Amino acid sequence: MTNLNCAELQVLLVDDHMIMREHVRANLAVMGFKNIDQAATAQEAEEKMAAKRYDILFLDWVMPGKSGYMLLQKYREDASYNDVAMVMVTSQTEERHMVEAMKAGATAYIVKPFQEPELHATIEVALHKVATERESRLRQRLLEQTLSAM
């Protein structure tokens with residue numbers, strides 16, 4: 001696992017199926033995550049995103065109304081979300097869906113139903129994204145400080 005403190009990270013689970021949200025939440029809790037919010041719709045997710053900054057999003061592709069894929073596209077168009085890991089959690093098994101999601105900026109893609117080791121590996125990918133982006137931001141700030149001190 002990365003050197004991030006999972007207990008400090010903010011996670012949002014977006015899925016219209018409560019059982020799936022609970023399954024992912026329970027696995028995150030086992031891995032040490034404490035700040036886990038849930039949304040059953042894209043609209044609810046957008047409201048939560050407007051009120052709070054998240055480090056990792058788990059997005060169900062197929063939901064009533066706006067899809068998780070549409071949320072992925074929306075937030076990836078906004079550079080202020082570049083450091084947020086976005087994981088597609090979906091029953092979409094066709095390779096083209098995975099390719100579309102990755103092209104749209106998904107950090108990882110996991111197909112339902114999945115086993116715990118597969119979910120844990122996917123969470124590790126998300127953690128790596130968060131750690132890498134944080135390190136990059138830190139280096140950028142240090143560079144800017146060094147240049148301004150010259």
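Me: Which exposed residues sit on the face of α1 turned away from its buried side?
Reply: This is a predicted model, where local features need pLDDT of at least 70, side-chain atom pairs count only at pLDDT 80 or more, and totals for chains, interfaces and linings use all residues. Residues are numbered from 1 along each chain as its sequence is written, and side-chain values use heavy atoms, leaving out hydrogens and water. Exposed means over 50% relative accessible area, buried under 20%, partly exposed in between (1.4 Å probe, protein chains only). The face of α1 turned away from its buried side carries M18, I19 and V30.

Me: Where do the buried residues of α1 lie around the axis?
Reply: The buried residues are M20, R21, V24, N27 and L28.

Me: How do the directions of α3 and α4 relate?
Reply: The axes of α3 (68-76) and α4 (95-104) come within 9 Å and cross at roughly 25 degrees. Axes are lines fitted to C-alpha atoms over the stretch in contact, with angles from 0 to 180 degrees between N-to-C directions. Angles under 35 degrees count as roughly parallel, over 145 as roughly antiparallel, 65 to 115 as roughly perpendicular and the rest as oblique. That makes α3 and α4 roughly parallel.

Me: Which residues of α3 and α4 make the contact?
Reply: From α4 come E100, A101 and A104. From α3 come Y69, L72, Q73 and R76.

Note on methods
Helix = DSSP H or I, 4+ residues; strand = E, 2+ residues; numbered from the N terminus. Contact = heavy atoms within 4.5 Å.
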